[in-house]
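Hi,

Here is the structure I promised to pass on. Have a look at it first, and then read my notes below.

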Amino acid sequence: MQFREGSTISIKELQINEEIRDKEVRLIGADGSQKGIVSIRDALAAAGEKGLDLVKIAPQAVPPVCKIMDYGKYKFELSKKEKETRKNQKVVNIKEIQLSPSIDTNDFNTKCNHAMRFLKNGDKVKVTVRFRGREVSHSKIGEVLLERFAEAVKELGTVERPAKLEGRNMTMFLAPLENVDKKR
């Protein structure tokens, strides 16, 4: 196990019981009380008396800080907290819709309907206008098209990032409104 300067300690890197090789440690009891600086043998004996583990919680301190605790219960509580935070996270997908500057009305309406469906589901939408050949010199047509697109889906989404020309593509991002009913 190597500790680099400024690296954080993950659960797997915590040293317990006989893995701790220091001569002296600052000991914290199971109830959180300070026991002072003791030899590693005395610390292991104190943990053994209570039927708990000795865990090195601050290896960078001088002397290292060790705590008497139930390591299995500690790991279980951490995994429970991690599951809870994952459960509360909302995954936002980005769906892409591609248009061309010479798109027909029915095709435009179909693309708008797809974007509205994506926004209803809570996904973000990236709308891209692809310019081919000399079309890129008429980038104003793409801007007007993207503004028309944003206007068509405004009851379900708002413009998160306005139209921007990047090479031969002009992109705009739409985000769903917060108060839209989610129908999955």
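In what order do the five strands of the open sheet lie? Going across, the order is β1-β4-β5-β2-β3, and the pairing is mixed. Keep in mind that this is a predicted model.

At the edges of that sheet you'll find β1 (15-16) and β3 (34-39), each pairing on one side only. Strands β4 (residues 53-58) and β5 (residues 65-69) run antiparallel and are joined by five bridges.

Helix α1 (residues 40-50) packs on it, with contacts to β2 (24-28), β3, β4 and β5, and its direction makes about 130° with that of β3. Helix α2 (residues 71-88) lies across β1, β4 and β5, and runs at about 50° to β4.

Now for the nonpolar cores. The largest has 22 residues, and the members touching the most others are Leu99, Val125, Val127, Phe149, Val153 and Leu174. At least two residues each come from β6 (94-99), α3 (105-120), β7 (124-130), α4 (139-152) and β9 (169-176). Helix α3 gives the largest share, six residues.

Cheers

Technical notes
Residues are numbered from 1 along each chain as its sequence is written. This is a predicted model: local features need pLDDT of at least 70, side-chain atom pairs count only at pLDDT 80 or more; totals for chains, interfaces and linings use all residues. Side-chain values use heavy atoms; hydrogens and water are left out. A nonpolar core is a set of buried Ala, Val, Leu, Ile, Met, Phe, Trp, Tyr and Cys residues joined through side-chain atoms within 4.5 Å. Buried means under 20% relative accessible area, exposed over 50%, partly exposed in between (1.4 Å probe, protein chains only). Helices (H or I, at least four residues) and strands (E, at least two) are DSSP runs, numbered from the N terminus. Two strands pair if DSSP finds at least two bridges between them. Contact means heavy atoms within 4.5 Å. Axes are lines fitted to C-alpha atoms, for helices over the stretch in contact, and angles run from 0 to 180 degrees between N-to-C directions.
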